[in-house]
Amino acid sequence: MTAPKPSMLARRNAPDDGSAAEQAIDSALEGLRGLDELPVADHVKRFDTAHTALTEALGRTENHQSGPHGGS
C-alpha cells in the first residue's frame, strides 16, 4: 500500500466548515496503519505524508476559526 499524497488528504476546495480538516486528519491517521508490516525505511515517507497532511489540516482549522465568523 502506498502512502496517500498530502494534497489528496487536505482538499483545498472543500467547504470551510471544518469537516475537510477532520477528514484530512482521519485520512492521515489511516495512512499510518500497517506500519508494522512495512520495512522501517518505508516508515519515514508515511510519517512525512501524515505530518504534512496534519499541518495542512491544522492550518485549515486555524483559518476557519480566525475567519469572518469565528475566532476570538
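1. A search of the whole structure finds one salt bridge, a term meaning a side-chain nitrogen of Lys or Arg within 4 Å of a carboxyl oxygen of Asp or Glu. The partners are Glu30 and Arg33, whose closest N and O atoms are 2.7 Å apart. Glu30 is partly exposed, with a relative accessible area of 39%, while Arg33 counts as exposed at 54%. Here buried means under 20% relative accessible area, exposed over 50%, and partly exposed in between, with a 1.4 Å probe and protein chains only.

2. This is a predicted model, in which local features need pLDDT of at least 70 and side-chain atom pairs count only at pLDDT 80 or more, whereas totals for chains, interfaces and linings use all residues. Residues are numbered from 1 along each chain as its sequence is written, and side-chain values use heavy atoms, with hydrogens and water left out.

3. The protein has three helices and zero strands, and from the N terminus on its elements run α-α-α. Helices (H or I, at least four residues) and strands (E, at least two) are DSSP runs, numbered from the N terminus.

4. Of the 72 residues in the protein, 22% are buried. The accessible surface comes to about 5,300 Å², and carbon and sulfur atoms hold 54% of that area. Accessible areas come from the Shrake-Rupley method with a 1.4 Å probe; for residues, only the protein chains shown count as cover.

5. Among contacts in the protein with a separation of 6 or more, 63% are between residues 24 or more positions apart. A contact means heavy atoms within 4.5 Å.

6. Helix H2 covers residues 19–30. Its 12 residues reach 16 Å from the first C-alpha to the last, close to the 16 Å expected at 1.5 Å a residue; the expected span is 1.5 Å times one less than the number of residues.

7. Which residues of H2 are buried? They are Ala20, Ala21, Ala24 and Ala28. Seen down the axis of H2, these buried residues fall within an arc of 100°, so they line one face of the helix. The arc is that of the directions from the helix axis to the C-beta atoms.

8. The face of H2 turned away from its buried side carries the exposed residues Glu22 and Asp26. Glu22 has a relative accessible area of 54%. Glu22 and Arg60 are 38 residues apart in sequence and 9.8 Å apart in space, C-alpha to C-alpha.

9. Ile25, Leu29 and Leu54 make a nonpolar surface patch of about 220 Å². Patches are made of residues with over 30% relative accessible area and no salt bridge; like charges are joined within 9 Å, and nonpolar side chains (Val, Leu, Ile, Met, Phe, Trp, Tyr) within 5 Å. Leu29 lies in H2 and is partly exposed, at 47% relative accessible area.

10. Leu54, another member of this patch, lies in helix H3. Leu54 is partly exposed, with a relative accessible area of 33%. Not counting residues up to four places away in sequence, Leu54 touches Ile25 and Ala28. Leu54 and Ala21 are 33 residues apart in sequence and 8.3 Å apart in space, C-alpha to C-alpha.

11. Is Ala53 buried or exposed? Ala53 counts as buried because its relative accessibility is 0%. Ala53 lies in helix H3, which covers residues 40–65. Between Ala53 and Ser27 there is a separation of 26 residues in sequence and 8.5 Å in space, C-alpha to C-alpha.
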